[in-house]
Amino acid sequence: MKRLNTVLATLFLSATAALAGGDGWMTDLDKAIEQSKAEKKPILVEFTGSDWCPPCKMMRAEVFTKKKFIAAATKKFILVELDFPRGDEALAKKNQPLAKKYKIEGFPTVILLDDSQKEFDRFFASKYPSIEAFLAHLDQSLDRQDLE
């Protein structure tokens, strides 16, 4: 029985890791949309070039990987990272249709989608280079959305 529990735990963690881009982040937008609908929660999608884009690297180091940011942001959003690394052509190619669909013109772009997938904000993440500034902008975006 103990071995079965270990195997099940390993399988669960493997499946979860496949959907996550890091603590609190998913990498599958379709799964995030399902979760968004179920939880009635908006989605924050970050389009990044994690291994070549200086502002993307800075945002990852200073904001997106910090526990304080993840804890606060995941209370209000489903977090999705769509990466376009130069060192992983397959991943960049897999995500390319989404960059085209959302008309991404630069990195790091963040789009906010409501639970019906309607975009309600778009901005360059590096415009808000601290946890506090980024979270404040997210709150303002949610407030504006509530007024619509």
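Analyst: Rings of Phe, Tyr and Trp, the last by its six-membered ring, pair if their centres lie within 6.5 Å. The model is a predicted one, and it holds 11 aromatic pairs.

One of these pairs is formed by Phe84 and Phe107, with 5.3 Å from centre to centre and 35° between the planes, a tilted arrangement. Phe84 belongs to the loop between strand E4 (78-83) and helix H5 (89-101), while Phe107 belongs to the loop between H5 and strand E5 (109-113), so the pair ties together parts that are 23 residues apart in sequence. Phe84 counts as buried because its relative accessibility is 6%, and the limit for buried is under 20%. Phe107, at 24% relative accessibility, counts as partly exposed.

A second pair is that of Phe123 and Tyr128. Their ring centres are 5.5 Å apart and their planes stand at 85°, so this pair is edge-to-face. Edge-to-face requires planes over 60 degrees apart. Both Phe123 and Tyr128 are buried. They also belong to one aromatic cluster, together with Trp25, Phe64, Phe69 and Phe134.

Phe123 leads on to the strands. Strand E6 covers residues 119-124 and pairs with E5 in the antiparallel sense, over five bridges. Within this pairing, Phe123 in E6 has Val110 opposite. E5 and E6 make up a hairpin, and five residues lie between the two strands.

His137 is located in helix H6, which spans residues 131-147. With a relative accessible area of 7%, His137 falls under the 20% limit and is therefore buried. The side chain of His137 makes a polar contact of 2.9 Å with the side chain of Asp121.

Another aromatic ring, that of Trp52, has a charge placed over it. The charged end of Arg86 sits there, 4.1 Å from the centre of the Trp52 ring.

Note on methods:
Residues are numbered from 1 along each chain as its sequence is written. This is a predicted model: local features need pLDDT of at least 70, side-chain atom pairs count only at pLDDT 80 or more; totals for chains, interfaces and linings use all residues. Side-chain values use heavy atoms; hydrogens and water are left out. Helices (H or I, at least four residues) and strands (E, at least two) are DSSP runs, numbered from the N terminus. Buried means under 20% relative accessible area, exposed over 50%, partly exposed in between (1.4 Å probe, protein chains only). A polar contact is a pair of N or O atoms within 3.5 Å; within protein, one must be able to donate a hydrogen and the other to accept it, and residues adjacent in sequence count only if both atoms are side-chain atoms. Rings of Phe, Tyr and Trp (its six-membered ring) pair if their centres lie within 6.5 Å; planes under 30 degrees apart count as stacked, over 60 as edge-to-face and the rest as tilted. A charge sits over a ring if NZ of Lys or CZ of Arg is within 6 Å of the ring centre and within 35 degrees of the ring normal. Two strands pair if DSSP finds at least two bridges between them.
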